[in-house]
Amino acid sequence: MPQVPSRIAEDLRGLIAGDVLSDELSRRLYATDGSLYEVQPAVVVRPRFTDDVVATVRYAASVETPVHARGAGSGLAGGCLGPGIVVDFSRYMRRIVSDDGPTVRVQPGLVHAELNRRLAPSGRLFGPDPEMTQVTTLGGVAAVDSSGSRRLAYGSAREHVVGVTLVTGGGRVVSTRPADADPAAAALSARLLGMLDPLRPTIREYTPRGCVSTSGYALDRALGAGELDLTQLLVGSEGTLGLITDLTLSTVPAPGATGAMLLTFPSLEVAAEAAQMLTPMGVCACDLIDRRLLNLAREIDPRLEVMLSGAAEAVLHVEVFADDQAELSGKLARLADFARSHESLAADVIIAETPEDQALFSLMARHLVSALHGLKGVRKAVPGVEDVALPPAALPQFFLRLQQILKRREVTASVYGHAGHGQLHVRPLLDLSSDADVRRLEALASDLYDTVWLLGGSISGEHGDGLSRTPFASRQHGPLVNVFRAVKAAFDPAGVLNPAKVVPSPGGRMTHHLRTTGHEAPVRSPAGDAAGDATGETDPAKPLVELQLAWKPGEAAEAARACNGCGACRSKGDEVRMCPIFRYTPREEASPRAKANLMRAVLSGELPPETLLLDNAKQVADLCVNCHQCRLDCPAEVDIPRLMLEAKASYVTTNGLQREAWWAARIDALAKVASRSPALSNAVLSSPAGRWVLERTVGLAAGRQLPPVARRTYLSQAASRRLNRPSPAAEKVFYFVDTYANHFDTQLGVALERIVRRHNVGFYAPADQTHSGMAFISQGALKPARRLARRNVSRLAEAVRDGYAIVATEPSAVLAITHEYLHLLPDDDDAQLVAANTFEACHYLWRRHVEARLRLDLQPLPYHVAHHTPCHMKALRIGSPAENLLRLIPELRLVRIEKGCSGMAGTYGLARRNYRSSLRAGLPLLSEMRSGRHQLGSTECGSCRTQMEQNSPVPTIHPIKLLAASYGEMPEIRELLASLTA
């Protein structure tokens with residue numbers, strides 16, 4: 001077997017059309033998943049076709065190298081990890097091959113939620129619904145026989161997989177699709193039937209009967225009367241019997257209506273007993289949530305704090321399906337009456353009255369377990385024993401024994417589960433950097449599983465065996481383990497397919513291959529002083545990691561370790577904004593998770609600090625555009641943008657900015673030069689030849705449509721109106737003008753000025769102010785950004801002390817001042833003062849309305865407006881003040897566009913190398929703007945406006961300008977709007 005990854009990669013590149021990755025960084029990115037484990041592969045293959053998979057497996061068998069199939073890498077048991085060749089199906093093999101109505105044929109890398117989005121127009125869906133539906137691939141769903149909350153309605157994956165095409169360990173392609181009548185499949189089936197038929201009594205005896213179970217191979221399901229169903233055997237086999245290259249799935253009609261309710265209980269035992277009574281009444285889901293998760297839910301959403309009694313120790317989240325709303329209302333009413341009429345069945349019943357309530361209930365049930373990883377402290381909620389399943393009637397007894405086990409082992413845990421079918425996700429809080437807690441985890445698993453087996457349960461209900469549970473397989477399955485070995489040998493004679501999963505290896509333990517959790521290597525602060533590791537000590541023998549932002553000792557490594565690898569950041573659903581770059585290029589290195597893995601490896605010493613100075617690390621870091629959406633939507637609130645600023649800054653400090661990045665960071669300087677000769681500048685910008693020259697010199701994309709440069713900057717106009725002089729008013733505003741309003745859309749500054757003065761508020765726009773420096777920050781040029789931040793803070797703090805509120809019309813500027821400056825200047829009290837008194841313009845005006853101090857003499861604007869909330873506006877976490885203001889305007893019909901990021905991402909979309917990527921990232925938004933359903937667009941961000949007007953037939957106007965027009969302050973805006981209906 002070749003030991004050098006580069007040799008394996010060299011061989012494979014000559015055999016396949018897909019990607020072959022063998023560099024140290026790429027292998028690190030694939031060394032983890034959503035589990036506790038870390039195993040660095042030798043090579044990563046991203047196949048384009050089935051032939052690539054065949055060639056990879058045949059090569060692996062010839063050199064005795066393991067092969068591990070991978071989808072989204074969201075598994076909790078480490079099933080896709082291994083030291084050999086990882087085959088990532090999620091990059092290219094993610095198409096719907098065919099759709100004939102009742103069934104659909106798909107490739108394994110297709111995301112579960114994406115399939116259901118594609119099926120929705122036909123009123124169909126693929127029933128099993130794993131909790132990570134927005135990221136889980138269908139190959140992964142089949143690999144572990146996933147089911148999810150709605151198993152009561154749909155069963156598990158095996159009920160819906162009609163057939164598969166797979167590559168066996170010998171590199172042979174076998175199809176189990178009934179329409180194919182594959183002779184190879186028939187021969188393999190006959191061989192296995194001859195082997196297993198005499199063992200039916202043993203299989204029956206050692207297979208759990210009273211509960212769901214996905215542990216081991218489903219021999220009992222595969223064995224029929226005189227035949228063997230290969231599809232049933234392959235579903236749940238975790239890639240140990242073959243690599244699936246396509247699946248044929250049966251679909252079901254989507255429910256006409258879905259309803260939900262919450263029932264509160266004084267204990268887990270009572271909730272479990274209630275679940276047994278409710279399940280026969282036709283519920284499609286019945287999930288149990290414990291007290292710890294309820295407390296977390298109340299912290300996450302204030303609505304739940306109002307809804308849920310503080311005395312509740314457990315809650316059941318119950319869902320029902322119906323054909324129409326009338327039937328649904330009747331079902332919910334009957335369930336509620338039943339719960340209320342039985343003494344002590346439920347302390348309270350809360351029915352979801354609105355779609356928003358229903359979404360809130362569903363969010364709580366599905367995402368709270370992931371949110372546990374955001375808990376502060378050294379102990380984290382860890383998987384490993386999170387997939388036990390029992391007969392539902394045994395749950396009350398199990399909860400009593402669980403409490404005894406946890407008390408004896410001195411462990412705290414949270415419990416979430418699908419009580420309707422007896423499956424539980426137990427998450428102990430442990431510090432796996434502690435050897436004592438590592439031992440405690442294994443002892444806890446042994447105690448817990450003994451109880452599960454005693455009560456007739458299984459150690460795995462839907463997450464598979466993987467590295468977590470395979471070491472317990474012999475105790476779970478007894479003599480069937482040897483049968484499993486024989487079955488695996490029939491499919492995989494060379495033993496290369498995902499070894500040490502399902503079939504145990506000698507000496508294997510669940511605590512082997514645990515993810516590195518050691519403390520970070522010593523670092524240097526921005527001032528150059530040794531900041532020390534988590535203990536405050538430094539080791540002169542270790543190289544120092546140069547950090548440009550100020551972190552507390554150990555904080556940077558802790559931030560990277562907070563990523564548990566769940567893969568939620570790979571989501572492309574409309575309900576989250578998440579990463580705009582991953583949306584258009586779904587590859588692992590584009591995911592925020594990859595960035596956390598990069599920094600964790602460097603800060604823990606697994607990778608040398610010099611890694612951040614290499615081009616491949618810079619390429620990964622540049623896939624972060626500092627939009628902050630992953631920080632907002634990550635269940636564990638991992639601050640990936642801050643970590644990536646460190647990665648970029650390390651590279652820039654040593655290597656400097658590349659040409660396009662150098663100009664992008666100095667966009668304000670370019671705008672100043674252009675403003676000196678606006679006529680010439682606009683002629684150049686509008687000329688194909690001029691744009692060609694700019695593309696070749698400064699890297700500005702020739703295809704990018706830019707707004708014209710203003711004839712006079714806003715600050716010069718304000719000075720001519722004497723607004724550059726301090727205001728004597730009691731209430732006054734300091735207008736912090738950023739690049740866009742100053743050099744391109746000066747009308748925006750005028751609109752804000754007129755609205756503010758209309759409210760008898762003083763307005764001050766000093767001519768000597770400068771830009772926020774967000775362009776410097778986003779490019780990782782933190783030294784000039786810090787100098788600029790100090791200058792701005794000094795000036796703005798003086799204004800705050802003089803009674804001014806700092807107001808800006810550019811969300812990026814506000815985010816720089818209120819968020820980024822605090823990391824650049826952590827010990828500066830003035831930075832804190834300025835941040836607390838800086839407001840985005842719409843937010844400032846909406847606060848006045850909340851205080852009943854906003855004038856409401858607004859004139860009608862009878863137009864249909866599509867509003868896009870910029871990423872940096874969301875990052876401010878101030879709600880939607882622009883939307884709220886626009887809804888005050890009479891006759892204005894506002895529609896919120898939830899189509900993700902615009903793709904512009906500040907200066908990212910200006911660059912030639914990013915132009916096409918920017919349009920692809922913003923395609924959903926641009927398509928909506930081109931749909932013809934809207935008369936104009938609205939957004940607070942200048943960059944987003946530029947993107948929205950790119951290839952869009954309608955103008956995009958800042959909400960402040962619309963508000964000014966409604967006040968009668970901007971007749972020129974009214975003329976523009978009138979022309980839309982002329």
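1. Let's start with the lining of the largest cavity, which by class has 17 nonpolar, 19 polar and eight charged residues. Please keep in mind that this is a predicted model.

2. The lining comprises 44 residues in total. Ser 74, Gly 75, Thr 136, Gly 140 and Val 144 are the ones that lie nearest the centre of the cavity.

3. As for volume, the largest cavity comes to about 810 Å³. The structure holds eight cavities of 30 Å³ or more.

4. Which element gives the most to this lining? That is helix 5, with four residues. Helix 5 spans 138-143, and Gly 140 is among the residues nearest the cavity centre.

5. Several other elements are worth a look while you have the model open. Strand 3 (67-70), strand 10 (243-250), helix 15 (355-371) and strand 19 (423-430) each supply at least two residues of the lining of the largest cavity.

6. Now to Ala 17, which sits in the loop between helix 1 (5-13) and strand 1 (19-21).

7. Leaving aside residues up to four places away in sequence, Ala 17 touches Arg 48, Phe 49 and Asp 52. A further pair to view is Ala 17 and Lys 572: they are 555 residues apart in sequence, and their C-alpha atoms are 27 Å apart in space.

Notes. Residues are numbered from 1 along each chain as its sequence is written. This is a predicted model: local features need pLDDT of at least 70, side-chain atom pairs count only at pLDDT 80 or more; totals for chains, interfaces and linings use all residues. Side-chain values use heavy atoms; hydrogens and water are left out. On a 1 Å grid over the protein atoms alone, a cavity is a set of points where a 1.4 Å probe fits but cannot get out, and a pocket is an open set with protein on both sides within 12 Å along at least five of seven lines; lining residues have an atom within 4 Å of a point. Grid points are joined across faces, edges and corners, and a volume is the space filled by probe spheres set on the points. Ala, Val, Leu, Ile, Met, Phe, Trp, Tyr, Cys and Pro count as nonpolar, Asp, Glu, Lys and Arg as charged, and the others, Gly among them, as polar. Contact means heavy atoms within 4.5 Å.
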